[in-house]
Amino acid sequence: MQQDSAAEKRLLDALSTGDISAITAIYELYGERIYRYAFRMLGNRADAEDATAETFLRVIRRSQDLRADGAFRTWLFRIARNLCIDKLRQHQLLELPSDATYGSGEEKAALKIAVWEALGDLPQDYREPLILCDLEDISAREAADVLGISVPALKSRLYRGRRALRDKLGPAMEKAL
Amino acid sequence: MKLEEALKIVDLFIDDELPVELASEFKQAMFEHPALREEVSSLRAVKEQLEEAMRADAMTAAVKEEVYARIVAETAHLRHAAADRATSSQMRLPFRGAYSPEVRG
């Protein structure tokens with residue numbers, strides 16, 4: 001589990017006692033990570049921006065429940081995750097980001113599109129561990145906490161997810177590599 | 001290490017979670033089994049492609065500002081309430097201070 005720094009503890013204490021200004025520093029610490037996570041979950045910037053703003057607003061609304069006990073990051077990602085899942089339910093499909101064709105060459109761009117599509121096609125149970133562990137570089141313990149599952153279950157889904165992604169990407173990867 | 005055993009711990013090797021001795025055995029097994037090399041190589045490639053495809057999604061400064069502005073706007077009433085509380089407590093301070101030893105002296 002990620003341990004909060006002393007500075008972070010002070011910020012969380014301040015926020016829990018009604019000091020709304022502390023959210024500025026908390027946003028500075030985590031805003032980009034939450035946005036990136038939301039973008040990877042949702043595949044479009046507008047929804048990622050909404051989810052990011054709403055995540056921090058929920059932190060403020062629930063600030064009385066805050067405990068600076070080292071689990072804040074997990075809690076924050078869990079809020080973001082729930083918001084992303086709600087949005088995914090509304091949209092049904094993961095959209096291809098508008099900048100997916102950015103890249104130095106056609107093959108690279110094609111592979112990027114293929115990766116987004118393959119990731120979007122994966123069952124959510126496989127997609128989420130891939131995003132948290134392989135992209136966000138969150139520990140297995142913490143990712144398991146975010147998803148509310150055991151570490152062995154998390155690892156099993158992660159490993160199956162990698163293979164499922166490989167199977168879906170097979171031909172596209174061979175072309176690009 | 002047999003191929004079947006090694007294939008069960010490929011992901012632990014890729015994630016650098018194997019104890020040193022076991023990792024060494026695993027590397028030896030990679031020399032001996034082309035199928036294991038292929039498995040490691042393809043799974044590493046998937047991880048790399050995933051990271052590469054998702055790389056261009058950093059939050060720009062403009063987006064960061066925009067999202068922050070929304071958070072500030074939607075919490076304006078809370079900020080005002082906090083400011084009011086601070087102001088009312090400041091107004092009490094001089095009254096209490098008038099009875100401090102320094103003031104009396």
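**Close-up 1. The largest nonpolar core of the predicted model.** This core comprises 57 residues, and those with the most contacts inside it are Ile23(A), Ile26(A), Ala38(A), Leu76(A), Ala80(A), Val115(A) and Leu165(A). Helix H2(A) gives the most to the core, contributing 12 residues. In soluble globular proteins, nonpolar side chains tend to be buried together.

**Close-up 2. The surroundings of Ile23(A).** When residues up to four places away in sequence are left out, Ile23(A) touches Leu15(A), Phe56(A), Val59(A) and Ile60(A) of its own chain, together with Ile71(B) from chain B. Another core lies apart from the largest one and has five residues, among them Val10(B), Phe13(B), Met30(B) and Leu36(B).

**Close-up 3. The contact between chain A and chain B.** In this predicted model, 33 residues of chain A are in contact with 27 residues of chain B. On the chain A side, two or more residues come from each of helix H2 (22-42), helix H3 (45-61), helix H5 (106-121), helix H6 (124-135) and helix H8 (151-176), with the largest share, eight residues, supplied by H2(A). By residue class, the side of chain A that touches chain B divides into 20 nonpolar, three polar and 10 charged residues.

**Close-up 4. Arg81(A) in helix H4 of chain A.** Arg81(A) is found in helix H4, which spans residues 72-91 of chain A, and Arg81(A) counts as buried because 21 C-beta neighbours lie inside 10 Å, where 20 or more are required. Thr17(A) is 64 residues from Arg81(A) in sequence, and the two are 26 Å apart in space, C-alpha to C-alpha.

How values were computed:
Residues are numbered from 1 along each chain as its sequence is written. Chains are lettered from A and ligands numbered from 1 in the order in which they are written. This is a predicted model: local features need pLDDT of at least 70, side-chain atom pairs count only at pLDDT 80 or more; totals for chains, interfaces and linings use all residues. Two residues are in contact if their C-beta atoms, placed from the backbone, lie within 7 Å. Helices (H or I, at least four residues) and strands (E, at least two) are DSSP runs, numbered from the N terminus. Ala, Val, Leu, Ile, Met, Phe, Trp, Tyr, Cys and Pro count as nonpolar, Asp, Glu, Lys and Arg as charged, and the others, Gly among them, as polar. A nonpolar core is a set of buried Ala, Val, Leu, Ile, Met, Phe, Trp, Tyr and Cys residues joined through C-beta atoms within 7 Å. A residue is buried if 20 or more other C-beta atoms lie within 10 Å of its own, exposed if 12 or fewer, and partly exposed in between; C-beta atoms are placed from the backbone.
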